[in-house]
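Subject: A structure for you to look at

Hi,

Here is the structure I promised to pass on to you. Have a look at it first, and then read my notes below.

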Amino acid sequence: MRVGYFDCFSGISGDMTLGALVDAGVDHRAIEGAVASLGLPGSLSFETVRKGGFRATHAKVETPREHAHRHWHHIEAIIDKGRLTDSQKDLARKIFLKLGEAEARVHGTELAKIHFHEVGALDSIMDIVGSAVGLDLLGVDRFEASPVPPGRGWIRAAHGRMALPAPATAEILKGVPLAESPAECELTTPTGAAILATIVERFGPLPAITIESIGLGAGTRDLPEQANVLRLFVGTVNLPPSGDRIWVLETNLDDLPGEVVGYTTIKLMEAGALDAFVTPIQMKKNRPAVMISVLCDEPKIPAMEEILFRETATLGIRRYPVSRHKLKRQATEVETPFGPIRGKLGWIENRPPTFSPEYDDCARAASAHDVALREVFDAANAAYRARAQGEAAEAQPQPSSGVHAAQPAHPYDPNPDEGGHGNHGSGDHDDTHEHPH
């Protein structure tokens, strides 16, 4: 499995994330082009700097001063305008949604009524959209991160003087392990917190990773206590073939409208659940009811339970660990009459893989060509079968006289951690380290 690990010893912000991604190997021209396609005034460029004696990459966002306060629908319209892939647009929306929901809870209002003050400024939009593009292009299967130091002291924001972490940052980091903050300043911004909370599946120490590249993203501040950089490790982690351990959360409900149950499962998936599903059950006094079940990694338990308690008003939640036995997996792509279709290969050791086309790609192709969805699925499966047969034929030994040909190699790489991989998957207070809080 290919992993990206954020070492946030000096916090994280939008510009630090951009710099780390480019320093780790993402093409800066792709990010700059995507940001330019938004049509916003200003520019994004990257430069090499030194922070605390270390070389790092700094993302330089230059924008004119403005006083516009944007709502959620304005942000969505800007994202939709850009020349981004669907997955990149979706990730940018999720990061902004994480910010917007936190602001709504802090101010006691609805998402649609929230003014995106600092995080809706031009530089913040460029940071978030650029980060979404870079995270997608990095091409890892999973993101992990260290505990996060929010910083300490005070800042002056649009609503006056307040202690760190800023209210929105604290709200976003609920359920995320925090680290001690030695520096008297804001280390983690709302944008940086939202990026982590959206993409990271595990918070903890650096895993047993075989490092491919290390990216250093520079903040704007020069800190006397430490180098103001974000480190991004990219490499592979060998998982045991038996799988891993996850947690199951369950609660029984007999007094909730179906619409609320459905909404709850949507919020659980948006917050990072591996799966969320509903089972019909019968409770005491023969009352019909449902059981909501959630599968998640251990660090996600607090966030999942918060949603269940908030949305369902349940009085209790059961939790227990379970082990998973997973097929080895690898991302791939096939060419069909309807265009390229991505999918995943899954296999058990020494057995041919099965191919599963990605629904989003198939649905998009079916809509674009005005054909039935099953036709695209069938075409994708047929394209994979044809390719697999061709690869198997090429692997067969060529006949020769007097010499025994070598036995054909298995046409599939038995190591899922090598080869292809899938893409997956925030003075006034803003999301950079520029201003002297």
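Is Arg2 buried or exposed? Arg2 counts as buried because its relative accessibility is 16%, where buried means under 20% relative accessible area, exposed means over 50%, and partly exposed is in between (1.4 Å probe, protein chains only).

Before we go on, a word on the model. It is a predicted model, in which local features need pLDDT of at least 70 and side-chain atom pairs count only at pLDDT 80 or more, while totals for chains, interfaces and linings use all residues. Residues are numbered from 1 along each chain as its sequence is written, and side-chain values use heavy atoms, with hydrogens and water left out.

Salt bridges

A salt bridge here is a side-chain nitrogen of Lys or Arg within 4 Å of a carboxyl oxygen of Asp or Glu. By this rule there are 27 salt bridges. Arg2 takes part in one of them, with Glu212, at 2.9 Å from N to O. This pair links distant parts of the chain: Glu212 sits in strand E8 (residues 210–218) and Arg2 in strand E1 (residues 2–7), 210 residues apart. Helices (H or I, at least four residues) and strands (E, at least two) are DSSP runs, numbered from the N terminus. Glu212 counts as partly exposed because its relative accessibility is 45%.

Asp222 and Lys51 also meet in a salt bridge, at 2.9 Å from N to O. Here too distant parts of the chain are linked, with Asp222 in the loop between E8 and strand E9 (229–236) and Lys51 in strand E2 (residues 43–51), 171 residues apart. Asp222 has 61% relative accessibility, so it counts as exposed. Lys51, at 8%, counts as buried.

Asp90 is partly exposed at 35% relative accessible area, and Lys94 is partly exposed at 41%.

A network around Glu171

Which residues are linked in a network of salt bridges? They are Arg105, Glu171, Lys174, Glu306, Arg310 and Glu311. Glu171 lies in helix H6 (residues 167–172) and, at 17% relative accessibility, counts as buried. Its side chain makes a polar contact of 2.6 Å with that of Arg105, and another of 3.2 Å joins the side chains of Glu171 and Lys174. A polar contact is a pair of N or O atoms within 3.5 Å; within protein, one must be able to donate a hydrogen and the other to accept it, and residues adjacent in sequence count only if both atoms are side-chain atoms. Leaving out residues up to four places away in sequence, Glu171 touches Ala102, Arg105, Val106 and Glu306, where contact means heavy atoms within 4.5 Å.

An open sheet

Finally, find the open sheet of 4 strands in the order E11-E12-E10-E13, with antiparallel pairing. Two strands pair if DSSP finds at least two bridges between them. The edge strands, E11 (275–283) and E13 (318–324), each pair on one side only. Strand E10 (residues 244–253) is joined to E13 by 7 bridges, and Ile246 has Val322 in E13 as its bridge partner.

Enjoy exploring!
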